[in-house]
Every structure is written in C-alpha cells, then in structure tokens.
Amino acid sequence: MISKKTLIVASSIAFLTAGAAFAAGGGKWKHHFSEADTNGDGQITQQEIANAQATRFSKADLNNDGSISLPEMQEAIAKHIAERTKSKFGKMDTDNSGAITAEEFNSRINKMIERLDRNNDGIISKDEVPRNKWHKG
C-alpha cells in the first residue's frame with residue numbers, strides 16, 4: 001500500500017512536471033499522453049496513469065528507499081528543467097549553429113504577434129488579445 005506521504009510527494013512531482021509541460025505549450029501534453037498511453041489505444045486508463053506515476057517516482061527516488069527527500073526532489077526538478085532547456089534551445093537554434101541569434105530568439109514572439117494581429121494593421125488591439133490562456137486567438 002502506498003503511504004500518504006509517498007502519494008503526496010509523487011503527486012507533487014507529477015504536478016511540477018505537468019505544470020512545466022503546460023507552461024511550455026499544448027504540444028507537450030501530446031507527448032505526456034503518448035508516454036502514458038502504453039498500449040497505444042488512444043486512451044489512458046487509471047492503471048496506465050498509476051504506472052506512469054510509479055515510473056516518475058522511481059526516477060526521482062535516487063537511493064531507492066521508497067521516499068523522495070528534498071535533495072532528490074530538487075535533483076529531479078533540476079534534471080527536468082535542464083532537459084526542457086536543452087529541447088527549447090534546440091528548437092530556437094533553427095540553423096543548428098549552437099547559438100541563438102536575435103532573429104531566432106524573436107521568431108516565436110513575432111509569429112505570435114502576426115497571429116494576434118487578425119486585421120493585419122500592425123497593431124494589436126485589446127479586441128485581438130485572447131480572452132484567456134486557453135484561447136489561441
């Protein structure tokens with residue numbers, strides 16, 4: 001039986017991981033979905049969620065003592081952030097030069113501005129700003 005403390009820590013890791021994924025954009029949810037959907041049927045069962053959580057927990061429980069200490073949690077989060085940063089850098093470094101130019105750095109925001117400026121007048125009006133974070137404009 002899983003202890004309440006273990007469940008809370010595992011849930012915290014899942015929350016932090018999911019939160020980072022959400023902040024990064026909807027495409028990350030697809031990755032997490034396909035990662036959890038181990039039989040590839042397009043659905044995630046409670047058992048698949050439990051298995052995914054157990055895997056995440058075991059990766060964070062570095063000394064395999066059945067609990068995650070603060071240093072283990074910090075290391076797990078640091079690894080996750082490092083992986084995400086490397087991935088984001090790779091996406092931004094479109095010419096694979098190993099450095100991000102100002103043009104590459106600004107590319108994403110420029111695309112977003114183009115998408116938001118629905119009437120193409122070069123100005124983003126209050127009416128063009130998405131009403132909430134779920135709205136894509």
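Trainee: How many salt bridges does the structure hold?

Mentor: This is a predicted model, in which local features need pLDDT of at least 70 and side-chain atom pairs count only at pLDDT 80 or more, while totals for chains, interfaces and linings use all residues. Residues are numbered from 1 along each chain as its sequence is written, and side-chain values use heavy atoms, with hydrogens and water left out. If a salt bridge is a side-chain nitrogen of Lys or Arg within 4 Å of a carboxyl oxygen of Asp or Glu, then the number that the structure holds is two.

Trainee: How many residues apart in sequence are the parts that Glu35 and Arg56 tie together?

Mentor: Glu35 and Arg56 form a salt bridge in which the closest N and O atoms are 3.3 Å apart. Glu35 belongs to helix H2 (residues 26-36) and Arg56 to helix H3 (residues 46-60), so the separation in sequence of the parts they tie together is 21 residues.

Trainee: Which helix holds both Lys79 and Glu75?

Mentor: The side chains of Lys79 and Glu75 meet in a salt bridge, at 3.6 Å from N to O. Lys79 is partly exposed at 44% relative accessible area, and Glu75 is partly exposed at 37%. Lying four residues apart, about one turn of the helix, the two share residues 70-92, which is helix H4.

Trainee: How many helices are there in the protein?

Mentor: Helices (H or I, at least four residues) and strands (E, at least two) are DSSP runs, numbered from the N terminus. Read from the N terminus on, the elements run α-α-α-α-α. There are zero strands, and the number of helices is five.

Trainee: What percentage of the accessible surface of the protein belongs to carbon and sulfur atoms?

Mentor: Of the 137 residues of the protein, 19% count as buried. The accessible surface, computed by the Shrake-Rupley method with a 1.4 Å probe, comes to about 10,300 Å², and the share of carbon and sulfur atoms is 59%.

Definitions and conventions. Buried < 20%, exposed > 50% of the residue type's maximum accessible area, 1.4 Å probe, protein only.
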